Amino acid sequence: MADSKKNERDRDVALKFDPKIFDLLSKFEEVELEDVDMELGDLEIWIQPGAVAGPRAVVPTVVARKAKPTEIIQMDFVPPVETYPGRIAEVKLGATKGDGGTRGKSVVIGGEKSPAYYLFENPTPHPPVISLDVFDTRIPLAKAVKMHFGEVAEDPVAWAKLAVDKFKADMITLHLVSTDRLIKDTTPKEAAKTVENVLQAVDVPMVVGGCGDPQKDLKVFEEVAAVAEGERLLISTVTLDMDIERTAKAIQKHGHVALAFTSMDLNQARELNRRLFEFLPKERIVMDTTTAALGYGLDYAFTIMERARLAGLMGDPELQQPISSGTTNAWAAREAWIKLAPEWGPRELRGPMWETVTALTLLLAGVDLFMMMHPAAVKTLKDVISELTAGTGRGRPELIGDWVTLKI
Amino acid sequence: MSEREVSKIGAKELSPIDVYMLLPRTNCKKCGQENCMAFATKLVNRELALELCTPLLEEKQYAKAYPKLWGLLKPPVKEVTVGAGDSAVKIGGKLVMYRHELAYINPTAVAIDVTDEMSERELLDRLRKTEGFSYIYIGRELKLNMIAVRSTSNDPDKFKATVKKVSSNAKLPLMLCSLNPEVIEAGLMVAPKTRPLICAATENNWKDMAELSLMYNCPLTVSAPNNLKMLRSLVKTLLEYGVKDLVLDPGTFPPEGIADTLVNFTMIRRMACKRGDELLGFPIIGTPIVAWAQKAEAPEINMWNEAYMASMLITRYADILIMHSTEGWVLLPNVFLRENIYTDPRKPVAVEPGLREFGKPDEASPVMLTTNFALTYYTVASDIESAGLNCYLIVADTEGHAVDTSVAGRKLTAENIAEAIKTTLVEKKVKHRKLIIPGKAARLSGEIQELSSWEVLVGPRDSSEIPKYLSEKW
């Protein structure tokens, strides 16, 4: 019984989280500052008599040889700015009425001229965008996620609306997992119908994902591309084992964008982009070099993305596409969702923090588009992005100078 | 062009030839390498220490070459030792800005704070939690590393008593935190020879802090919030003063200043690694504890903010972090991240290949197969253990690659599986001849069957399904 009460409290805490994290941080001004000024003269007098006998003797003689400075020696600092020969492509997702679609707005990602958040060189041209996951059938969800989306799990239209209305999603990703032959084997026609219904229900730009079967996905994508003519959907995903020509042509013909997905290997990423360039302009390709969860290969994912971005900036034309991350993969880490001993905290907090840390790590590698799940993780990432986009000059040294004596 | 080019920006790219020219070039093999060129290559890759070349140290004719070599090979970020004895922690010593250029060394040390105004009970409880923190991840123990004793009272006597209590109850290295040199001195007096890290010298107190740092032979943190010009000036001044082991605190700012925080950390590291700036070539301290400066309606909100700020600083170059939360959900993702970021990207993480037994297997127990990629192996092992299964697991040598990549890259082949069946002597352990292979290696099944004459069963694609699979199929 006590356990279930605790769970309830944990859940309340988690629910309370999203909207308030930063509102509360904005009250930062209230922190009291301790007076830390001191009388330098007094201290010198106090120190000089060598109140402490023993260690004083071990002062290295080296020190004595030099004349000790009595004032601060003024030095300069010039930010270490570099220029890069390459630039990341800009890709527009979602088409508005004027643009041939029905979306309420479009988003643009990419366009970077510097590594992620090297704001001393260049501002971020377009803030990264977060797309919330919506599934077309019931799938196993972690408890921490289910409590937010459980009620709409069978209904992609209701799910999409919840994501947009309640959780303020800028984009949604409709995963057509039911098209998998081993799940429901939904036909391409039925799948396309679901896409149409969701497009009518919400007006944000959309990603449409398949089931990962290269043959089936091709058929589904051809159907979806046609019914969503001109909407500038991001078709997720095009892989090396697909009929690339047919897939790319369907995407190009109906005015969509391709998500080029490869395993964690830069040569594969280059190869796939190269092949797509035959059919699609740079402005219609986003790449995904695979996201592994924190603790389960995030280091590889991070480094491949960081290398891809640096190489693109250094002029590698085959790695100059904006990067997308399936950040929901963070939930593949068992530490995100299993019950651990009490000292590891409630999974209702541990889980979304796992997703948050996975996302923030990749944000710093250069990811432009995040596909995510948990509202608290989404909210945190969104707020961090907006703080970073607002730029430097807002840190207030007078408020934190004294973390040393901060009373908690 | 490739990302390799980036490492050349403004940096002296070290070639093995540069190093070789300064070595004795006698191919004496005392370092354990075949010749001086091989040794030079390992030195440049930071795989061996220069001191293994004993002639260089002992023979007069190399007296000039040694310091030159040391200058070539010394890391752009100085290595600083905090604490003494077994629990001493090394921080900094970074060789590169990006981990793919080589590898990061000296994982970010995480310090948990206590104050001189905490009740004895709370203080001891926090020490116990900090020192007792332990989580086993891919066979390694994840731990916390330091205790930061903060003086919130600004009272030397209270601080002295607290430092005394902490050092007699904890083994981890200490950071002594106060901007008042009188308070720091009081703490240092009761922690002699333990080399705590002093926090911090500022533009107001630097001279006294420098004296203390020299007097007690302790590393010193230099604090100049959001002011890198002042930070460089203070470092220059302190170096001239004779203090050698410094740690940089450019300030960690809560959300509205997060851009400043990241930009400062990034510029400092680039200045050190790419521009050879010795004044900024020191470890950096991050203080996610500032998340607690905000008055939140629930402490979980402070914890949440502290947790994610810590993670960004681990990725962006922090060598030490001071944190207040002791909650597992705050710390666990961060120590995982640290472990990930600090693995050597040159080496796939691998475990020993061979035969493992789980539970109490007998001659009728199932025999399964996996690869020796550590993440794969420990995931499979943990699924088997948590289900309490009795079975054998053949760990094939795939040079540390996962199942799908090793099948694709021909690191896992029917030949080496057949070989593994023989060398592990599993045929002596079981009477049946049935091998369960991972679902992702399904296409090898026919060939394995031919080569080994074992019957091959294709198991699940994810090891979490093993218990279910066995209960249905075995």
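Begin by selecting Glu348(A) and Lys143(A): the two form a salt bridge, with the closest N and O atoms 2.4 Å apart. A salt bridge is here a side-chain nitrogen of Lys or Arg within 4 Å of a carboxyl oxygen of Asp or Glu. Glu348(A) lies in helix 12 (residues 347–363) of chain A and Lys143(A) in helix 4 (residues 143–149) of chain A, so that this pair links distant parts of the chain, 205 residues apart. Helices (H or I, at least four residues) and strands (E, at least two) are DSSP runs, numbered from the N terminus. Over all chains, the count is 44 salt bridges.

The structure is a predicted model, in which local features need pLDDT of at least 70 and side-chain atom pairs count only at pLDDT 80 or more, while totals for chains, interfaces and linings use all residues. Residues are numbered from 1 along each chain as its sequence is written, chains are lettered from A and ligands numbered from 1 in the order in which they are written, and side-chain values use heavy atoms, with hydrogens and water left out.

**First stop: confidence**

Colour both chains by pLDDT, the predictor's confidence in each residue, from 0 to 100. Chain A averages 85, and 83% of its residues score at least 70. Now select residues 9–64 of chain A, where pLDDT stays under 50. The model has 103 contacts beyond four places in sequence for this stretch, a contact being heavy atoms within 4.5 Å. Chain B has a mean pLDDT of 92, with 97% of its residues at 70 or more. Residues 1–12 of chain B fall below 50, and this stretch has 27 contacts beyond near neighbours in sequence. Where pLDDT is low, the predicted coordinates should not be read in detail. For the complex, the predictor gives an ipTM of 0.85 and a pTM of 0.84.

**Second stop: the sheet of chain A**

Display the strands of chain A. Eight of them form an open sheet with parallel pairing, in the order 8-7-6-5-4-3-10-9; two strands pair if DSSP finds at least two bridges between them. Strand 8 (285–288) and strand 9 (324–325) of chain A stand at the edges, each with a single partner strand, so one side of each has no neighbour in the sheet. Next, select strand 3 (residues 129–135) and strand 10 (residues 369–372) of chain A, which run parallel and are joined by four bridges. Ile130(A) has Phe370(A), in strand 10 of chain A, as its bridge partner.

Two backbone details of chain A follow. The peptide bond from Ser236(A) to Thr237(A) is cis, with omega near 5°, and Thr237(A) belongs to strand 6 (residues 234–238) of chain A. Arg232(A), in the loop between helix 7 (214–227) and strand 6 of chain A, has a positive phi, near 55°. Most residues other than glycine have a negative phi, and most peptide bonds are trans.

In chain B, an open sheet of eight strands has parallel pairing and the order 10-9-8-7-6-3-12-11. Its edges are strand 10 (246–249) and strand 11 (285–286) of chain B, each with a single partner strand, so one side of each is left without a neighbour. Strand 3 (residues 109–115) and strand 12 (residues 320–323) of chain B pair in the parallel sense over four bridges. Ala109(B) has Ile320(B), in strand 12 of chain B, as its bridge partner. Then select Cys199(B) and Ala200(B), which are joined by a cis peptide bond with omega near 5°; Ala200(B) is in strand 8 (residues 197–201) of chain B.

**Last stop: the interface**

Show both chains together. Here 113 residues of chain B are in contact with 107 residues of chain A. The buried area is about 10300 Å², of which carbon and sulfur atoms give 68%; buried area is the accessible area (1.4 Å probe) that two parts lose on being put together, summed over both. Five salt bridges are counted between chain B and chain A. To view a salt bridge there, select Arg270(B) and Glu121(A), whose closest N and O atoms are 2.5 Å apart. Several elements of chain B each supply at least two residues of the side that touches chain A, among them helix 10 (258–273) and helix 9 (228–241). Helix 9 of chain B gives the most, with 11 residues.
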